[in-house]
Amino acid sequence: MDVSLVTINLNDKRMFFSGARNNGAMILNGQLSEFAAQRETIGESDDVEFSSVEIPYDANATYYLYSDGYKDQFGGPQYKKLTSKTFKKVLVNASKLEMNGQRNYLKRFVTDWQGEVSQTDDRMVIGFKLP
């Protein structure tokens, strides 16, 4: 199983990230910083230990956790995968909008990209801001 998680301590203004094959991201002032997940999946091996890393806590940033379904979706004019690079650009563009607008933007973008092609995989994006 692939997953990404954050824990947030609002009192201490500290945040930690851990991921199994799913990265996370933070966008601040139009710049995307990615939080790298471990390459192992949950359940792949009994010997794998997952660690967490502290990530910046910034009330001006927008944070994202996401599955690989967006970047792996086939479509577009040449029936290719969306790619991680393009997905990151889409997130940066979305981050300029209010949260509800971001949801609509992402949904519209992937629907337009997908066109008549079947959905390839699960698609999940969680975006949030901190107080």
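Five aromatic pairs turn up in this structure, which is a predicted model. One of them stacks Tyr63 on Phe128. A search of the whole structure also finds four salt bridges. Among the residues involved, Asp72 takes part in a network with Lys71 and Lys81.

**Aromatic pairs**

- Tyr63 and Phe128 are stacked, with ring centres 5.4 Å apart and planes at 15°.
- This pair links distant parts of the chain, as Tyr63 and Phe128 are 65 residues apart.
- Tyr63 belongs to strand β6 (residues 62–66), while Phe128 belongs to strand β9 (residues 125–128).
- Tyr63 and Phe128 are both buried.
- Phe74 and Tyr79 make another stacked pair. Their centres are 5.3 Å apart, and the angle between the planes is 25°.
- Phe74 has 26% relative accessibility, so this residue counts as partly exposed.

**A ring cluster and a charge**

- Tyr66, Tyr70 and Phe87 are joined into a cluster by ring pairs.
- Tyr70 also has a charged neighbour: Arg123 lies over the face of its ring.
- The distance from Arg123 to the ring centre of Tyr70 is 5.9 Å.

- Glu54 and Arg14 form a salt bridge, and their closest N and O atoms are 2.9 Å apart.
- Glu54 sits in strand β5 (residues 53–55) and Arg14 in strand β2 (residues 14–20), so the bridge ties together parts that are 40 residues apart in sequence.
- Glu54 is partly exposed, because its relative accessibility is 44%.
- Arg14 is partly exposed as well, because its relative accessible area is 35%.

**The network around Asp72**

- Salt bridges link Lys71, Asp72 and Lys81 in a network.
- Asp72 meets Lys71 in a salt bridge with an N to O distance of 3.6 Å.
- Asp72 also meets Lys81, with 3.8 Å from N to O.
- Asp72 counts as buried, because its relative accessibility is 15% and the cut-off for buried is under 20%.
- Lys71 has a relative accessible area of 28%, so this lysine is partly exposed.
- Lys81 is partly exposed too, because its relative accessible area is 38%.

How values were computed:
Residues numbered from 1 in each chain as written. Predicted model: local features only at pLDDT ≥ 70, side-chain atom pairs only at ≥ 80, totals over all residues. Heavy atoms only, no water. Phe/Tyr/Trp six-rings, centres within 6.5 Å; stacked < 30°, edge-to-face > 60°. Helix = DSSP H or I, 4+ residues; strand = E, 2+ residues; numbered from the N terminus. Buried < 20%, exposed > 50% of the residue type's maximum accessible area, 1.4 Å probe, protein only. Lys NZ or Arg CZ within 6 Å of the ring centre and 35° of its normal. Salt bridge = Lys/Arg side-chain N within 4 Å of Asp/Glu carboxyl O.
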